[in-house]
Amino acid sequence: MNTLIPPRLKPAQTAFFLDFDGTLVPFDKPDINTPVVDDALRSLLEELRGRADGALALITGRTIEVLDSLFDPLALAAAGEHGGEWRQTPGFEVESITPPPGLAAAQQHCEAFAQAHPGTRFERKKLSMVIHFHEFPGLRDAAAEAAKLACVPGSGIRMLHARGMVEVKPVDASKGQAIERFMQSAPFAGRVPVFIGDDVTDEDGFIAVNAQGGISIKVGSGSSHARYRLADEDAVRGWLESL
Ligand SMILES: [Mg+2]
């Protein structure tokens, strides 16, 4: 894998947008549902946020509620459910888009699929859903087919492939839109946006920061719109610490 180390940045002029799984914590652990947020990571993000005058947000597929429980007692600006919900300022209310019309029916459909297919697991979120098949990659096509069937015209949802899972999420939400929303107001506005992510769902975010003259960084291998590369989450932490 080619790695193109991102340039040195001045945190005081930068807006940091960071994916979570596979970017700040390892993705491929058996305890994928309960990743450990260690004190070193809390300190790193808290210090970086301070040096960036508050312009740091996590951009994740998880819900903000789950993020808060993982990072407790540290609360961060965040967009959850791939941009479907967001909180600009820690301590303030979480805002969200209106749930898409086809959400409930799709959740029922995908849950029934998972129940009928041992090796898959259904995860229900407020605005989206996931069919996991991490240990059984042979179930990928069947899971994708089931998810696609749930995305009927007019449902307002679409399917995305991700590592070890397929995600079904609102058409009206993306990590790119989340970043654009943050960039419209303080403390993010007027800064150079940086987005670091590892998965297919992060590509919208890379496109958004590229369009704003920002720095897009892909973690790991695979084709990407990102202009820079870091090898893994240790490399991400090392690069952030170097700033
Ligand atoms: Mg990720």
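Visitor: Why is the pair Asp-204 and Arg-158 called a salt bridge?

Guide: In this predicted model, the closest N and O atoms of Asp-204 and Arg-158 are 3.5 Å apart. The cut-off for a salt bridge is 4 Å between a side-chain nitrogen of Lys or Arg and a carboxyl oxygen of Asp or Glu. The pair therefore qualifies as a salt bridge. It links distant parts of the chain, with Asp-204 in helix H6 and Arg-158 in strand E8 (residues 157-162), 46 residues apart.

Visitor: What makes Asp-204 partly exposed rather than buried?

Guide: Asp-204 has a relative accessible area of 29%. Buried requires under 20% and exposed requires over 50%, so a residue in between is called partly exposed. Arg-158 is also assigned to this class, with a relative accessible area of 29%.

Visitor: How do you know that Arg-87 and Asp-68 form a salt bridge?

Guide: Their side chains meet at 2.9 Å, N to O, and the limit is 4 Å. The pair therefore meets the definition. Arg-87 lies in strand E4 and Asp-68 in helix H2 (residues 64-71), 19 residues apart. Arg-87 is buried, with a relative accessible area of 6%, whereas Asp-68 counts as partly exposed at 26%.

Visitor: Which residue forms a salt bridge with Asp-38?

Guide: The partner of Asp-38 is Arg-237, the closest N and O atoms being 3.1 Å apart. Asp-38 is in the loop between E1 and H1, while Arg-237 is in helix H7 (residues 233-242), 199 residues apart. At 15% relative accessibility Arg-237 is under the 20% limit, so Arg-237 counts as buried. Asp-38, at 27%, is partly exposed. The structure holds eleven salt bridges.

Visitor: Why are Asp-19 and Asp-198 called buried?

Guide: Asp-19 has a relative accessible area of 4%, and Asp-198 has 5%. Buried means under 20%, so the term applies to Asp-19 and Asp-198. Asp-198 also meets Arg-163 in a salt bridge, at 2.5 Å from N to O.

Visitor: How many salt bridges are counted between domain 1 and domain 2?

Guide: The count is three. The domain assignment gives domain 1 (11-95 + 173-242) and domain 2 (103-170). The area buried between domain 1 and domain 2 is about 1,400 Å², of which carbon and sulfur atoms give 51%. Phe-27, Glu-81 and His-82 supply 35% of the area that domain 1 buries against domain 2, more than any other three residues.

Visitor: Why is the pairing of the side chains of Gln-88 and Ser-185 called a polar contact?

Guide: The distance between these side chains is 2.9 Å. The limit for a polar contact is 3.5 Å between N or O atoms, one able to donate a hydrogen and the other to accept it. The pair is therefore classed as a polar contact. Gln-88 is buried, with a relative accessible area of 17%.

Technical notes: Residues are numbered from 1 along each chain as its sequence is written. This is a predicted model: local features need pLDDT of at least 70, side-chain atom pairs count only at pLDDT 80 or more; totals for chains, interfaces and linings use all residues. Side-chain values use heavy atoms; hydrogens and water are left out. Buried means under 20% relative accessible area, exposed over 50%, partly exposed in between (1.4 Å probe, protein chains only). Domain bounds come from an automatic or database domain assignment. Buried area is the accessible area (1.4 Å probe) that two parts lose on being put together, summed over both. Helices (H or I, at least four residues) and strands (E, at least two) are DSSP runs, numbered from the N terminus.
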